[in-house]
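Good morning, colleagues. Please have the sequence and the structure in view.

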Amino acid sequence: MRSKLVLHAVDSHTEGMPTRVITGGIGAIPGATMNERRLYFREHRDDIKQLLMNEPRGHSAMSGAILQPPTRPDCDFGVIYIEVSGYLPMCGHGTIGVATVLVETGMVEVVEPVTTIRLDTPAGLVVAEVAVRDGSARSVTLWNVPSFAVALDRKIELADGRTVTYDLAYGGNFYAILSLDQFELPFDRARKDDILAAGLSLMDAVNAEGEPVHPEDSSIRGCHHVHLVAPGSTARHSRHAMAIHPGWFDRSPCGTGTSARMAQLYARGELGLETEFLNESFIGTRFSGRLHGTTEVGGVAAVLPSFTGRAWVTGTAQYLLDPDDPFPAGFVL
Ligand code: PYC
């Protein structure tokens with residue numbers, strides 16, 4: 001057995017969505033902030049992301065997180081999020097996976113009933129409160145970055161000539177949010193290809209009209225997630241399909257999407273502070289969310305969200321790269 005590298009991983013899933021947590025083999029990435037490290041890794045080490053996320057080691061909906069030493073003194077660990085599709089500023093299901101792995105491997109001091117872990121993410125500070133019983137992580141509540149609505153009731157024409165109305169909100173990533181009804185599609189996994197195509201057509205149109213840009217950090221930009229709200233959803237219990245660039249669905253209820261959705265509902269006057277919001281994924285798994293207060297981000301009115309979900313460790317691995325491997329960066333079919 002020969003290998004050019006050895007990448008240590010603990011694999012997990014959060015409410016159905018995988019997070020491959022890279023615990024060793026990469027070292028500290030250059031950069032004074034976690035976002036600088038994200039951008040450095042994207043430019044100089046994308047081969048490693050591709051190797052870990054693409055087939056044959058990953059798949060077209062693969063997701064992961066690279067543990068880093070923090071760049072800020074008030075944090076325990078830093079995190080770079082990786083996906084088949086790129087490098088997210090923040091990922092909710094991924095952070096629940098990270099916090100669970102840190103507790104269950106003993107990489108942090110485990111305190112019962114709650115272990116608090118402060119995480120330095122490219123989008124900012126995220127605090128994880130892990131409910132621990134008998135040494136096992138039972139659930140994770142994340143205090144996410146401030147989230148905000150960018151626009152409500154925007155009309156846009158799609159490539160097929162259809163005009164739809166959507167809201168745009170930020171919860172660590174930008175989300176276009178609209179009802180699935182506007183595409184005359186049922187909330188049915190048997191129609192997943194049509195639902196995905198609908199989401200991607202809106203994503204293309206939104207970005208063609210002008211990428212959304214974070215008011216404090218212009219490197220956080222673009223709409224790569226479309227939140228298609230199922231019929232019958234309310235401001236207290238919502239179901240959705242989350243279409244993600246370049247063409248897959250979140251299996252989890254999407255933590256940054258839950259935060260964006262709560263910010264949108266708050267901006268619409270439909271969800272108050274300290275009110276439980278249940279968000280259900282396309283496969284029926286749930287996060288429970290809550291807004292705790294208001295703030296502002298670069299002059300934009302924002303809310304302070306948290307959400308709770310659970311992850312399970314699924315395995316450990318050392319990923320290798322044989323010097324003769326014909327697919328050193330993997331492939332996507
Ligand atoms: O949970 O924030 C999330 C997320 C983003 C993309 C996939 N999951």
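Which residues of α4 are buried? Before I answer, please bear in mind that this is a predicted model. The buried residues in α4 are Ile195, Leu196, Ala198, Gly199, Leu202, Met203, Ala205 and Val206. As a reminder, an α-helix has 3.6 residues a turn, so residues three or four places apart point the same way.

Helix α4 itself runs over residues 192-209, which makes 18 residues. From the first C-alpha to the last, α4 reaches 26 Å, close to the 26 Å expected at 1.5 Å a residue. Just after α4 comes Gly210, with a positive phi of about 145°. The cover over the buried residues of α4 includes the strands β8 (148-157), β9 (163-170) and β10 (174-179). It also includes β11 (223-229), β12 (237-244) and β13 (248-249).

Rolling a probe the size of a water molecule over the atoms shows where empty space is left. In this structure there is 1 cavity of 30 Å³ or more, and the largest cavity holds about 60 Å³ of space. Its lining comprises 14 residues, of which Leu88, Cys91, His93, Asp250 and Cys254 are the closest to its centre. By type, the lining has 6 nonpolar, 6 polar and 2 charged residues. At least two lining residues come from each of α3 (92-104) and α5 (255-267).

Where does the largest cavity lie? It lies between domain 1 (5-143 + 312-321) and domain 2 (148-298), because both domains give residues to its lining. Thank you for your attention.

Notes. Residues numbered from 1 in each chain as written. Predicted model: local features only at pLDDT ≥ 70, side-chain atom pairs only at ≥ 80, totals over all residues. Heavy atoms only, no water. 1 Å grid on protein atoms, 1.4 Å probe; cavity = no way out; pocket = protein on both sides within 12 Å on 5 of 7 lines; lining within 4 Å. Points joined across faces, edges and corners; volume = space filled by probe spheres on them. Helix = DSSP H or I, 4+ residues; strand = E, 2+ residues; numbered from the N terminus. Nonpolar A, V, L, I, M, F, W, Y, C, P; charged D, E, K, R; others polar. Domains from an automatic or database assignment. Expected span 1.5 Å × (residues − 1). Buried < 20%, exposed > 50% of the residue type's maximum accessible area, 1.4 Å probe, protein only. Contact = heavy atoms within 4.5 Å.
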